[in-house]
Amino acid sequence: MPHTAQWKIGLHLFEDDGGTTKARAVLDTGTTTLTGRGTARCGPADANVPEIGDELAASRAMDDLAQQLLRLAEGDIEDMDRSRPGIRQVTERPV
């Protein structure tokens, strides 16, 4: 059965004066909204390169979002298995 969907992801980056970059990745599937968060901090001895902070914070936010989406899919799979009639766990009998 063919299926096409379009999901929208918004990525928002914020840097404060202390060298901390925060990212928020928002996934909107049309029926579900998930938000991933990530942070990057510039060390005191490091050069402040905003692009690097953006990349780190964004990647961490997207990783957080990916983990949430994976847990959601795993829960949906478990729910489907429980609702199927005639599906049962096979266990080995003791010898």
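Student: In the hairpin of strand 2 and strand 3, which residue takes a positive phi?

Tutor: Glycine 30 does, with a phi near 100°, and four residues lie between the two strands of this hairpin. Strands (E, at least two residues) and helices (H or I, at least four) are DSSP runs, numbered from the N terminus. The model is predicted: local features need pLDDT of at least 70 and side-chain atom pairs count only at pLDDT 80 or more, while totals for chains, interfaces and linings use all residues. Residues are numbered from 1 along each chain as its sequence is written, and side-chain values use heavy atoms, with hydrogens and water left out.

Student: In what sense do strand 2 and strand 3 pair, and over how many bridges?

Tutor: Two strands pair if DSSP finds at least two bridges between them. Here strand 2 and strand 3 are antiparallel, with nine bridges, and threonine 20 stands opposite arginine 41 of strand 3. Strand 1 also pairs with strand 2 in the antiparallel sense, over eight bridges; leucine 11 faces alanine 25 across that pairing. The hairpin of strand 1 and strand 2 has four residues between its strands, and glycine 19 there takes a positive phi near 85°.

Student: Which residues of strand 3 form its covered face, and which its uncovered one?

Tutor: In a regular strand, side chains alternate between the two faces of the sheet. The covered face of strand 3 holds Leu34, Gly36, Gly38 and Ala40, whereas Thr33, Thr35, Arg37, Thr39 and Arg41 make up the uncovered face.

Student: Which residues make up the largest nonpolar core?

Tutor: In soluble globular proteins, nonpolar side chains tend to be buried together. The largest core has eight residues: Ala23, Ala25, Leu27, Leu34, Ala40, Ala57, Ala61 and Leu65. Two or more of these residues come from each of strand 2 (20–28), strand 3 (33–41) and helix 1 (50–83). A core joins buried Ala, Val, Leu, Ile, Met, Phe, Trp, Tyr and Cys residues through side-chain atoms within 4.5 Å. Beyond residues up to four places away in sequence, alanine 57 touches Thr21, Lys22, Ala23, Gly38, Thr39 and Ala40 (heavy atoms within 4.5 Å).

Student: How many salt bridges does the structure hold?

Tutor: Side chains of opposite charge can pair when their charged atoms come close. This structure holds one salt bridge (a Lys or Arg side-chain nitrogen within 4 Å of an Asp or Glu carboxyl oxygen). Arginine 82 and aspartate 79 form that contact at 2.6 Å, N to O, and both lie in helix 1, three residues apart, about one turn of the helix.

Conventions:
Buried means under 20% relative accessible area, exposed over 50%, partly exposed in between (1.4 Å probe, protein chains only).
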